[in-house]
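Open the model in your viewer and keep the sequence panel in view. Each stop below gives a selection and then what is there.

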Amino acid sequence: MNGQGIDQGAVQDAARLLEQGRLVALPTETVYGLGADAENPAAVASIYAAKGRPQDHPVIVHLAPEGKLEHWACDIPDEARALARAFWPGPLTMILKRAPGIPDAVSGGQDTIGLRCPSHPVAVALLRAFKGGQGGVAAPSANKFGHVSPTLAQHVRDEFAGDASVALVLDGGASQVGIESTIVDLSRLATHGPVLLRPGHVGADAIERVIGQRPAAPDAAAPRASGTLESHYAPSTPVVLQERAALPDVLARLAAAGRKAALIHFSDLSAAHAAVRLPANPQGYAHDLYAALRAMDGVGADLILVEAPPRDDAWLGVNDRLRRAAHGSAGTLQALLEKP
Ligand code: TXA
Ligand code: MG
């Protein structure tokens, strides 16, 4: 979408609603967010209520390209400025020390803050219109807690149908990236180095090229992140990952047992109750993954079988989301194959 294609009236309405403390869903290049004024604790609290999310989970604060890091964070390391120059606006969130004046509602009581400058033109227009471009919009993904993130305005409407607390859903088309931003923790740089809290489109290689240090996997003391819970991004239908080689046999046995399987695959396969074939490259796959999970969740299947993607680094973000979607479904396949 280009600048001319933006509904400026809707963007202005959304900015005024945010300034009044209301919730507005906004498109970003990763997934849709459920936004509120980050400096209004009551507004931030209503995000938690709408999502059904525990109060101690921090939310990401979204800034306009002209936003000032110093307003939100303190002890900002050079590495953070370098990453902002390299990847903002874009799908990278940085965890920094929270500035003293910023309410701890956005941080779930932690002394850090998650900051990101999104690149979606509608998000940028909204962030520029809100508080003269100097505000911050706290926005977790616009889904109920633990559920699949939305990549279309219609997904958001489906999630919050009939919920009057969501004042407006801005439509910006399909989210280009399709999975949530990469999160890198820089709040403990001196002691722990950079830590990759959530893999995404901006890979560890790209981060290393900019700051000369490769972000490590999270340690036990790393800041908590709800998107890093073992069970997350999950549809209601159980999700089961299967290697390509095992799939034809598994599909045949499920059919013989009278079970309905929905299939998400990227290589040549057939014979499921319903199926979605995704692109066989990590960017295309990520773009379509959540819409596929939602679609396959809606076909009345007993399970969603997912052809396991390759394991190399380029697929890290996708594999992370699939693993969490499938968490809790261990034993599902066996149970369905056993005769009732
Ligand atoms: O792509 C995205 O990041 C999307 C769009 C809307 O920007 N947002 C998103 O928000 O995924 P959410 O709330 O669903 O996930 C944000 C993650 C959570 O895992 C949260 O715990 C973590 O960021 N997070 C936010 N602030 C943090 C902080 N101060 N310390 C540690 N983790 C933080
Ligand atoms: Mg989320």
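Select Asp75, in the loop between β4 (73–74) and α4. This is a predicted model. Asp75 is not a glycine, yet its phi is positive, at about 50 degrees. Is Asp75 buried or exposed? Asp75 is exposed, with a relative accessible area of 64%; the cut-off for that class is over 50%.

**Backbone stops**

Move on to Lys131. Lys131 sits in the loop between α5 (121–129) and β7 (136–138). Here too phi is positive, about 50 degrees, in a residue that is not a glycine. Lys131 is partly exposed, at 34% relative accessible area.

Now select Trp88 and Pro89. Display the peptide bond that joins them: this bond is cis, with omega about -10 degrees. Pro89 belongs to the loop between α4 (78–87) and β5 (92–98).

**Salt bridges**

How many salt bridges does the structure hold? The count is 19.

Start with Glu29 and Arg116. Their side chains meet in a salt bridge, 2.8 Å from N to O. Glu29 lies in the loop between β1 (23–26) and β2 (33–37), and Arg116 in strand β6 (residues 112–116), so this pair ties together parts that are 87 residues apart in sequence. Colour both residues by accessibility. Glu29 is buried, with a relative accessible area of 3%. Arg116 is buried as well, at 2%. Both values count as buried because the cut-off is under 20%.

Next, select Asp171 and Arg157. Their closest N and O atoms are 3.7 Å apart, and the pair forms a salt bridge. The bridge links distant parts of the chain, 14 residues apart: Asp171 is in the loop between β8 (166–169) and β9 (182–185), Arg157 in helix α6 (residues 153–159). Asp171 is partly exposed, with 47% relative accessible area. Arg157 also counts as partly exposed, at 35%.

Then go to Arg253 and Asp249. Their salt bridge spans 3.4 Å, N to O. Where do the two residues lie? Both are in helix α9 (residues 247–256), four residues apart, which is about one turn of the helix. Arg253 is partly exposed at 39% relative accessibility. Asp249 is partly exposed too, with a relative accessible area of 43%.

Now select Glu180, Asp320, Arg321, Arg323 and Arg324 together. Salt bridges with shared partners join these five residues into one network.

**The largest pocket**

Turn on a pocket surface. The largest pocket holds about 470 Å³ of space. Its lining comprises 26 residues. Which of them lie nearest the centre of the pocket? Select Gly200, His201, Val202, Gly203 and Ala314. Then show the elements that give two or more residues to the lining: α8 (204–211), α10 (282–297) and α11 (316–326).

Colour the lining by class.

Next, colour by domain: domain 1 (8–211) and domain 2 (239–338). Why does the largest pocket lie between them? Both domains give residues to the lining, so the pocket is placed between the two.

**The annotated region**

Select residues 8–202. For this range, UniProt lists "domain: YrdC-like", in an unreviewed entry. Switch to a cartoon view. Over residues 8–202 the chain is 29% helix and 22% strand.

**Last stop**

Select Val148, in the loop between β7 and α6. Val148 is buried, with a relative accessible area of 1%. How far apart are Val148 and His232 in sequence and in space? They are separated by 84 residues in sequence, and by 7.5 Å in space, C-alpha to C-alpha.

Methods. Residues numbered from 1 in each chain as written. Chains lettered and ligands numbered in written order. Predicted model: local features only at pLDDT ≥ 70, side-chain atom pairs only at ≥ 80, totals over all residues. Heavy atoms only, no water. Salt bridge = Lys/Arg side-chain N within 4 Å of Asp/Glu carboxyl O. Buried < 20%, exposed > 50% of the residue type's maximum accessible area, 1.4 Å probe, protein only. 1 Å grid on protein atoms, 1.4 Å probe; cavity = no way out; pocket = protein on both sides within 12 Å on 5 of 7 lines; lining within 4 Å. Points joined across faces, edges and corners; volume = space filled by probe spheres on them. Domains from an automatic or database assignment. UniProt positions renumbered as here; feature names shortened; annotations may be inferred.
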